[in-house]
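Please keep the sequence and the coordinates in view while reading.

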Amino acid sequence: MLNAEKTEDRMDYLNGLNDEQFKAVTYGDGPILILAGAGSGKTKVITLRAVHLIKTGKAKPYNILGLTFTNKAAREMKERIRKALTGIGSDDVDYGLPYFSTFHSFCLKLLRRHADLIGYSKSFAIFDDDDSSKMLTKIIKSLNIDIKIVAPSKAKYFIEKSKNSYINFEEARETVKPWEKNYAAIYEKYSKRLRENNAMDFGDLIFNVVKLFQTNSSVLEHYSNLYKYIMVDEFQDTNFIQDKLVKLLADKYKNICVVGDDDQSIYSFRGASIDNILSFEKVYSGCSVIKLEKNYRSTRIILNAASSIVKGNKFRKDKTLRTDKYSGSRITVYQANSDYSEGYFVAREIRRLINEDGYSNKDIAVLYRANSQSRILEDKLMKASIRYSIYGGLKFYQRKEIKNILSFLRFAANPRDVVSFERSVQCVPIGVGEKTLRAITDIASKNGTDILVALKSGLLGFVRGLNTPTLLEDRTYPDNKNNGSYNNKPGIANYFDIILKLKADMEDKVEDGPGIGVRLADMIAFIYKASGYEAMLKNGALKADELDRNRIENIGELINASHEFESIVDFLDQSAVDDFRENLNDSGKDATNVSLMTIHSAKGLEFPVVFIVGLEERLFPHARSLDNELSLEEERRLCYVGITRAKEKIYLTWSKKRRSGKEYKYNMPSRFLREIPENLIEEIVDTYEYY
DNA sequence: TTCTCTAAAATTTTT
DNA sequence: TTTTAGAGAA
């Protein structure tokens with residue numbers, strides 16, 4: 001099986017694997033389910049399995065597809081594989097790399113190639129949450145539904161849920177409960193609008209690939225043959241449609257390897273269904289199951305505390321993690337009088353860990369349930385001069401200034417994208433409000449053209465006060481004192497020129513040269529200047545220069561980042577499904593900082609010292625999950641995930657009162673604290689009255 | 001009609 | 001504390 005004689009000298013990557021891991025890495029063809037407990041070397045197994053397939057000649061790198069949920073995970077795995085492949089035997093083979101990516105990036109790549117087969121143009125736009133919400137709010141209003149009765153966020157959730165279950169709006173209309181009629185109507189209009197805009201949202205990326213596969217067997221055939229070996233990371237987090245996608249692809253060869261841990265399933269709100277992992281064995285008969293139960297990360301005390309919590313769950317596969325790390329300090333539980341003193345304690349303790357215990361900033365993470373908890377922590381860490389980085393929260397590409405600038409590019413690339421049009425035309429006040437906007441979109445829908453054509457035909461009307469469309473070449477700019485005319489919109493003429501210029505730049509491909517004719521960075525700089533956005537930020541009136549300066553800096557960073565891209569589409573795609581700043585996390589810049597993040601975003605990471613703050617009833621477990629046994633169990637798993645991030649030392653803190661909005665709320669300690677055996681705990685009670 | 005300022009509301013987790 | 005909605009000013 002291993003070809004041991006021939007390749008023995010080049011198989012040293014198999015050294016140091018335990019029996020379970022070895023079995024998983026070297027397992028041959030056919031379906032395999034790897035139940036990997038926290039810290040059991042899951043990433044190692046999945047990456048070495050890919051390496052092993054390549055090294056033993058079973059598969060070419062391009063025959064392997066690895067699907068993950070985060071870009072970070074995908075990058076990390078690719079990097080490990082690259083190192084393993086070039087580290088050994090690099091003398092004789094020029095190995096390519098297997099394709100590891102997130103579900104969303106993978107689907108996006110396929111759709112860019114085959115969008116026409118499902119009735120989209122290949123230049124389709126991708127709407128992020130913000131774009132979708134904007135559109136939904138408008139749709140709800142246009143349907144005369146009171147926004148207080150159907151909140152856009154609720155409608156969005158309904159639509160996401162439907163798409164995650166592979167239910168289109170026609171089916172939703174048929175099957176929906178009577179009291180959900182509004183939602184179905186919104187879903188229908190939303191779907192049609194997206195089509196008109198030549199746009200897809202995140203859910204569509206996966207939905208449409210499944211549709212593509214189901215309606216075009218030759219396409220499915222092609223990718224099934226290409227990706228003979230499929231691996232899925234964090235399989236417990238897959239939802240119905242992701243599972244379906246994987247099954248479609250893997251159906252032909254059934255060389256499917258999924259890795260997951262039901263105890264770490266924390267994304268059910270996103271549609272993840274634990275059933276996918278629980279029923280895997282049934283779906284693939286003859287499937288092998290390998291359990292990785294040896295933990296290489298945490299001390300026994302940490303592991304015991306974590307398992308005693310998660311054992312309270314009814315719905316789980318029984319498993320027990322073991323470790324060799326018997327010594328270790330007890331768990332510190334800190335009871336604070338207020339959220340401020342909680343933050344103060346964390347800062348003080350981190351200072352002590354660094355000064356006295358020999359830890360450095362990068363060894364330490366502070367985890368919380370909700371992003372809003374980070375503010376006080378930041379404040380206290382800053383006051384204690386502790387360097388920190390915050391992860392999660394607002395992504396770089398979601399920032400207003402970045403979205404504003406990019407909306408010009410997005411609109412130029414896809415002139416049917418009304419959302420980007422509105423954003424770009426309004427981000428700098430040029431006298432275009434609701435009415436003007438409506439006038440333009442009306443022209444577009446009446447004539448069945450895209451926005452740009454409508455803008456062109458409407459433009460002279462705006463400039464000269466004429467209603468008849470005139471040839472673009474005949475256009476003259478207003479001189480602001482022109483023949484006493486009405487309806488002057490010099491700003492819109494300028495805006496139109498910007499878009500035209502961008503469009504021309506995009507089409508100006510230098511055939512025999514590299515990349516695009518005009519560099520992306522120049523285009524962005526041009527937008528920044530010509531739109532007046534720069535002037536607006538720099539002359540930013542009297543207030544908030546701090547914020548404006550930040551924005552100016554961010555735009556500079558955007559321009560820097562844009563240098564690396566070869567095409568507009570690549571750049572826009574990346575901005576939609578990836579965040580280049582995540583790249584910085586693993587290495588370099590942030591290596592010297594304490595990490596602040598939510599427990600969700602800490603999944604997959606490890607730190608010598610971990611603080612989990614805010615262990616209070618109604619915060620963790622969160623109030624919204626208290627009425628439901630299933631969601632309470634998920635909170636418990638979340639707690640399990642948080643604790644198992646720690647290698648050596650863990651602090652759990654809670655506060656008797658916490659400010660929420662204007663007032664203080666008084667909370668009880670989290671039930672999770674009670675679920676940890678007392679002999680594992682060392683308790684400290686806050687003596688600070690204020691802070 | 002558009003822009004700006006003030007007041008109120010809102011806060012789980014994410015590709 | 002930040003974002004959004006509504007009202008008044010230009």
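How do the residues of the surface near DNA strand B divide into nonpolar, polar and charged? There are eight nonpolar, 11 polar and seven charged residues, where Ala, Val, Leu, Ile, Met, Phe, Trp, Tyr, Cys and Pro count as nonpolar, Asp, Glu, Lys and Arg as charged, and the others, Gly among them, as polar. The model is a predicted one, in which local features need pLDDT of at least 70 and side-chain atom pairs count only at pLDDT 80 or more, while totals for chains, interfaces and linings use all residues. Residues are numbered from 1 along each chain as its sequence is written, chains are lettered from A and ligands numbered from 1 in the order in which they are written, and side-chain values use heavy atoms, with hydrogens and water left out.

A residue is near the strand if one of its heavy atoms lies within 4 Å of it. Of the 26 residues around DNA strand B, those that come nearest are His 104, Arg 369, Gly 431, Thr 436 and Arg 624. Sugar or phosphate accounts for 61% of the atoms of DNA strand B within 4 Å of the protein, and bases for the rest. The side chain of Asp 129 has an N or O atom 3.3 Å from a base oxygen of DNA strand B. Polar contacts are pairs of N or O atoms within 3.5 Å; within protein, one must be able to donate a hydrogen and the other to accept it, and residues adjacent in sequence count only if both atoms are side-chain atoms. Helix H20 (434-447) gives the largest share of the surface near DNA strand B, three residues.

Chain A as a whole has 30 helices and 16 strands; helices (H or I, at least four residues) and strands (E, at least two) are DSSP runs, numbered from the N terminus. Of its 691 residues, 55% are buried, that is, under 20% relative accessible area, with exposed meaning over 50% and partly exposed in between (1.4 Å probe, protein chains only).

The largest nonpolar core has 46 residues, and Phe 124 and Leu 205 are among those with the most contacts inside it. Such a core is a set of buried Ala, Val, Leu, Ile, Met, Phe, Trp, Tyr and Cys residues joined through side-chain atoms within 4.5 Å. Helix H10 (202-215) and helix H5 (103-114) are among the elements that each supply at least two residues of this core, and H10 gives the most, with seven. Apart from this core lies another of 43 residues, including Ile 405 and Phe 571.

Helix H17 (residues 374-383) has Ser 374, Ile 376, Leu 377, Lys 380 and Leu 381 buried. These residues lie on the same side of H17 because they cover an arc of only 160° around the axis, taken from the directions from the helix axis to the C-beta atoms. They pack against helix H16 (339-355) and strands E10 (364-368), E11 (388-390) and E12 (594-598), contact meaning heavy atoms within 4.5 Å. Lys 380 counts as buried because its relative accessibility is 8%. Between Lys 380 and Tyr 344, 36 residues apart in sequence, the C-alpha to C-alpha distance is 5.7 Å. The face turned away from the buried side of H17 carries the exposed residues Arg 375, Met 382 and Lys 383. Just after H17, Ser 385 takes a positive phi of about 55°.
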